[in-house]
Amino acid sequence: MVLEEYFEDGVAMNRLSETDFAYFSRFLKENSEIVVAIDKEYLIDTRLSPIQKKLGLASLGDLINRLRHEPFGALHNEVIEAMTTNETYFFRDVKPFEALRNEVLPELIKARASSRSLSIWSAACSSGQEAYSIQMILKDSFPNLANWNTRLLCTDLSQEMVSRTLQGRFTQLEVNRGLPAQMLIKHFQKVENDWQVKPDLKVGIEAKVMNLAKPWPTLPVMDIVFLRNVLIYFDLEAKSQILGRVAKVLAPDGILFLGGSETTINISNDYERRGNSETSYYVLKTAKSHSA
Ligand SMILES: C[S@@+](CC[C@H](N)C(=O)[O-])C[C@H]1O[C@@H](n2cnc3c(N)ncnc32)[C@H](O)[C@@H]1O
C-alpha cells in the first residue's frame with residue numbers, strides 16, 4: 001500500500017491508496033449506506049486513526065487490510081460506528097417540534113381517539129435528544145396521553161448511541177444545546193456533573209440497534225416517523241429505497257419528518273409535502289385529512 005502524508009488544514013494526514021479508498025468506501029456503503037466523497041477523505045483519517053493507534057497498527061492501510069481479511073466482526077462494527085456522525089441536540093431546528101405540538105399531534109390524537117394508541121419512531125436517534133424532546137412535548141402538552149398506549153421506538157446503527165438513548169444521561173454541554181431551562185428543571189435531575197432524565201420520561205421508550213441499510217425487522221405501523229439528518233449521508237438510490245420502506249410502515253394518515261436539508265422531492269413519489277414556509281413534513285399521497 002502506498003501511504004502518503006499530506007496536509008489538511010495544516011495537520012499531517014495519512015492518505016489511503018486508491019485501492020484502499022475504493023475498498024473502504026464500498027465496505028462502508030454496503031454496510032451502512034454512508035457515502036464518503038473523495039474530497040471528504042480526511043474524515044476517514046480523523047475517525048479511524050484512534051482505532052488504528054489503539055490496535056498498534058503502523059498505518060490506516062494496515063487497518064483497512066484487517067477489515068479486508070478478517071471475518072466480519074467487532075472491529076468492522078467499531079469502524080462503521082466511528083464513521084457515523086452523531087451530531088444532535090434537543091428540539092433541533094425548533095420548528096418541526098412546534099409543528100409536532102401544534103398541528104400533527106392534535107390531529108392524530110383526534111384520529112386515534114378510539115384506539116387510544118400512538119406509535120412514534122425516532123429512526124437514527126443518535127444519543128436520544130430527539131426522542132426525549134418528543135417525550136417532553138407528549139408529557140407537557142398532552143397530559144391525557146398518560147393513559148394511552150404511547151410507544152416511542154428509537155433506533156440507530158450504533159450500539160453506543162442506542163445505549164446512550166436508553167440511559168438518558170446528558171452532559172451539561174448537551175443540555176445547554178436547545179433544552180429550555182424550565183424543561184431541564186422539570187424533567188431532569190443532576191447526577192454528578194451530568195443530567196439524568198427522570199424515570200417517567202423513559203416510559204414508552206424502546207431503543208434498539210437497527211441499520212437502515214440492511215433488511216429491516218418487522219415494525220409496527222408508525223403514526224409519526226422522525227427520519228432526520230441521516231438521509232444526507234446516503235446516495236440517491238439509498239435515499240429512495242429507505243423512503244420507500246418508510247412509506248410501507250407509515251399509517252395511511254401518518255406523518256414523516258425529515259431534516260432541514262432533506263426532502264422527498266425528486267427522490268420518492270410516495271409522499272406529498274405539508275406545512276408552511278417555516279417547516280415542512282410529509283404525508284403519504286394517499287393520505288386523507290383527518291378533519292375531512
Ligand atoms: C446526525 S445524527 C441525527 C440524529 C437525529 N436524528 C437528529 O436529527 O438530531 C445521524 C445518526 O444516524 C445514524 N446512522 C447513520 N447511518 C445509519 C444507518 N445506516 N442506519 C441507522 N442509523 C444510521 C448515526 O449513527 C447517527 O446517530
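Reader: Where is Ile64 placed?

Author: Ile64 is in helix 3. Please keep in mind that this is a predicted model.

Reader: Is Ile64 buried or exposed?

Author: Ile64 is buried, because 24 other C-beta atoms lie within 10 Å, and the cut-off for a buried residue is 20 or more.

Reader: Which residues is Ile64 in contact with, leaving aside neighbours within four places in sequence?

Author: With those neighbours left aside, Ile64 is in contact with Leu16, Asp20, Tyr23 and Phe24.

Reader: How do helix 1 and helix 3 pack?

Author: Helix 1, residues 18-32, and helix 3, residues 60-69, pack at an angle of about 50°, and their axes are 10 Å apart. Helix 1 is therefore oblique to helix 3. The crossing of these two helices is left-handed.

Reader: Which residues make that contact?

Author: Helix 1 contributes Asp20, Tyr23, Phe24 and Phe27, while helix 3 contributes Gly61, Ile64, Leu67 and Arg68. By class, this contact of helix 1 with helix 3 has five nonpolar, one polar and two charged residues.

Reader: How far is Ile64 from Ser126?

Author: Their C-alpha atoms are separated by 26 Å, and the two residues are 62 residues apart along the chain.

Reader: And where does Ser126 lie?

Author: Ser126 lies in the loop between strand 3 and helix 6, the latter being residues 129-141. Ser126 is buried, with 26 other C-beta atoms within 10 Å. Its phi is near 55°, which is a positive value in a residue other than glycine.

Reader: What is the phi of Arg116?

Author: Arg116 has a positive phi of about 45°, although Arg116 is not a glycine. Arg116 lies in the loop between helix 5 and strand 3, the strand being residues 117-123.

Reader: How many C-beta neighbours does Arg116 have inside 10 Å?

Author: There are 13, so Arg116 counts as partly exposed.

Reader: Which residues does Trp148 touch, not counting those up to four places away in sequence?

Author: On that basis, Trp148 touches Arg116, Ser117 and Leu118. Trp148 is placed in the loop between helix 6 and strand 4, the strand being residues 149-156.

Reader: What does Trp148 count as, with 17 C-beta neighbours inside 10 Å?

Author: Trp148 counts as partly exposed.

Reader: How far apart are the C-alpha atoms of Trp148 and Ala113?

Author: They are separated by 9.4 Å, and the two residues are 35 residues apart along the chain.

Reader: Let us change topic to another pair of helices. How do helix 5 and helix 6 cross?

Author: The axes of helix 5 and helix 6 come within 11 Å and cross at roughly 30°. Helix 5 is therefore roughly parallel to helix 6, since angles under 35 degrees count as roughly parallel. Helix 5 passes helix 6 in a right-handed crossing.

Reader: Which residues meet there?

Author: Phe97, Leu100 and Arg101 in helix 5 meet Ser133, Ile137 and Ser141 in helix 6. The residues of this contact of helix 5 with helix 6 divide into three nonpolar, two polar and one charged.

Reader: What about the largest nonpolar core: which residues touch the most other members?

Author: That core has 50 residues, and those touching the most other members are Val104, Val225, Leu227, Val246 and Leu256. Helix 5, residues 95-111, gives the most to this core, with six residues. A second, separate core has eleven residues, among them Leu28, Leu48, Leu63 and Met83.

Reader: Why would such residues sit together?

Author: In soluble globular proteins, nonpolar side chains tend to be buried together.

Reader: Which residues is Leu256 in contact with, neighbours within four places in sequence aside?

Author: Leu256 is then in contact with Val225, Leu227, Val246, Leu250, Tyr271, Tyr281 and Tyr282.

Reader: One last residue, please. Where does Phe170 lie?

Author: Phe170 lies in strand 5, residues 169-170. Phe170 counts as buried, because 24 C-beta neighbours are inside 10 Å. Not counting residues up to four places away in sequence, Phe170 touches Val175, Asp194 and Trp195. Phe170 and Val197 are 27 residues apart in sequence and 8.2 Å apart in space, C-alpha to C-alpha.

Definitions and conventions
Residues numbered from 1 in each chain as written. Predicted model: local features only at pLDDT ≥ 70, side-chain atom pairs only at ≥ 80, totals over all residues. Core = buried A, V, L, I, M, F, W, Y, C linked by C-beta atoms within 7 Å. Buried ≥ 20, exposed ≤ 12 C-beta atoms within 10 Å, placed from the backbone. Helix = DSSP H or I, 4+ residues; strand = E, 2+ residues; numbered from the N terminus. Contact = placed C-beta atoms within 7 Å. Axes fitted to C-alpha atoms, helices over the stretch in contact; angles between N-to-C directions. Parallel < 35°, antiparallel > 145°, perpendicular 65-115°, else oblique. Left-handed = near helix turned anticlockwise from the far one by under 90°. Nonpolar A, V, L, I, M, F, W, Y, C, P; charged D, E, K, R; others polar.
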